[in-house]
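Dear colleague,

My notes on helix packing, individual residues and backbone geometry follow it.

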Amino acid sequence: MSPLGQVLASSRPLSWVNTAFPFGAAYLLAGGGPDALFWLGCLWFLIPYNLLMYGINDVFDYESDLRNPRKGGVEGVVLDRRVHRLTIWAAVVSNVPFVVLFAAVGSVASNLVLTISIFAVVAYSAPVLRFKERPFLDSITSSTHFVSPAVFGLALADARGHEVELGVTVVAALVGFFLWGVGSHAFGAVQDVTADRAADIGSIGTVLGARNTTWFALAAYLLAGVCLLALPWPATLAALLVLPYAANIAPFLSVTDETCEQANAGWRRFLWLNFLTGFLVTQLLIWISLR
């Protein structure tokens, strides 16, 4: 693979939509409309944001990735040492223009969200901070990566003159989404429990153990569904969308630390399940908008 191909692959193209969609949906629902900021925001959260998030991760996780059999496909490339500097530069250069633009057109609130979002992305993998190695903070930070684009979409729309009220509906949707993210990250950590302990890497999985972490993920998914029940009809139907995720991890509720790698099958299904969920959420949003 060419150097540029490796850099692009490090942004996890399969996951691009997971950050662009929350921003776009939130911005539109807040009354922003398909204007220039909408398209620029979607573009930023589609590629540069993911390059910053995953590219930095692949650079600073290089040594552990070499020993991780999961790496090398849809779950992340193993970047050649020769492209580490290029990856960092590409991540910085591709993100700075968007950050400067949104900071210039935003408000105090939107810029605060923007700052938190960028900090969470960098802090997760960067040396010294390494939030990914701090149990529980790892799941919280990971969820912030995906929820903050939605919060930023709301804040940016508000900054552009569209009044956004943080009522029960908005808060319930964001909390539900956040809990979904926490559960998803926790389940993703299950498959690496043995490898992380061997490498003396901390995570929610190494602290709770494979089985308890899987149950923790299940509880987070179900609590997310409970939060979404607070939404008005027909948005309430979004609560049903956590059930496929719960069903996906159900076969691994008895997993042990020794058999933790079996959870990788569930994680691979999770990656594709996101596309189905995104499609169903889109249809639900269209239904709501046409009522």
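Helix H4 (residues 48-60) and helix H6 (residues 84-105) cross at roughly 155°, and their axes come within 9 Å. H4 is therefore roughly antiparallel to H6, the term used for angles over 145 degrees. Their crossing is left-handed, meaning that the near helix is turned anticlockwise from the far one by less than a right angle. Axes here are lines fitted to C-alpha atoms, for helices over the stretch in contact, and angles run from 0 to 180 degrees between N-to-C directions. Helices are DSSP runs of H or I with at least four residues, strands are runs of E with at least two, and both are numbered from the N terminus.

On the H4 side the contact (heavy atoms within 4.5 Å) is made by Pro48, Tyr49, Leu51, Leu52, Gly55, Ile56, Val59 and Phe60. H6 contributes His84, Thr87, Ile88, Ala90, Ala91, Ser94, Asn95 and Phe98. By class, the contact of H4 with H6 has 11 nonpolar, 5 polar and no charged residues. In this scheme Ala, Val, Leu, Ile, Met, Phe, Trp, Tyr, Cys and Pro are nonpolar, Asp, Glu, Lys and Arg are charged, and the others, Gly among them, are polar.

The model is predicted: local features need pLDDT of at least 70, side-chain atom pairs count only at pLDDT 80 or more, and totals for chains, interfaces and linings use all residues. Residues are numbered from 1 along each chain as its sequence is written, and side-chain values use heavy atoms, with hydrogens and water left out.

Tyrosine 49, which lies in H4, has a relative accessible area of 0% and is therefore buried. The cut-offs are under 20% relative accessible area for buried, over 50% for exposed, and in between for partly exposed (1.4 Å probe, protein chains only). Not counting residues up to four places away in sequence, tyrosine 49 touches Thr19, Trp44, Asn95, Ser117, Val121, His145, Ser148 and Pro149.

Among the residues making the contact are Ser117, Val121 and Tyr124 of H7 and Ser142, His145 and Ser148 of H8. The residues of this contact divide into 12 nonpolar, 7 polar and 1 charged.

Serine 142 is found in H8 (residues 137-159). Its relative accessible area is 10%, so serine 142 is buried. Leaving aside neighbours within four places in sequence, serine 142 is in contact with Tyr124 and His185.

The loop between H7 and H8 holds valine 128 and phenylalanine 136. Phi of valine 128 is near 75°, a positive value in a residue other than glycine. Phenylalanine 136 also has a positive phi, of about 75°. Valine 128 counts as exposed at 76% relative accessibility, whereas phenylalanine 136 counts as partly exposed at 37%.

Finally, the peptide bond from tryptophan 233 to proline 234 is cis, with omega near 5°. Proline 234 lies in the loop between helix H12 (210-228) and helix H13 (242-249).

Yours sincerely

Note on methods: Parallel < 35°, antiparallel > 145°, perpendicular 65-115°, else oblique.
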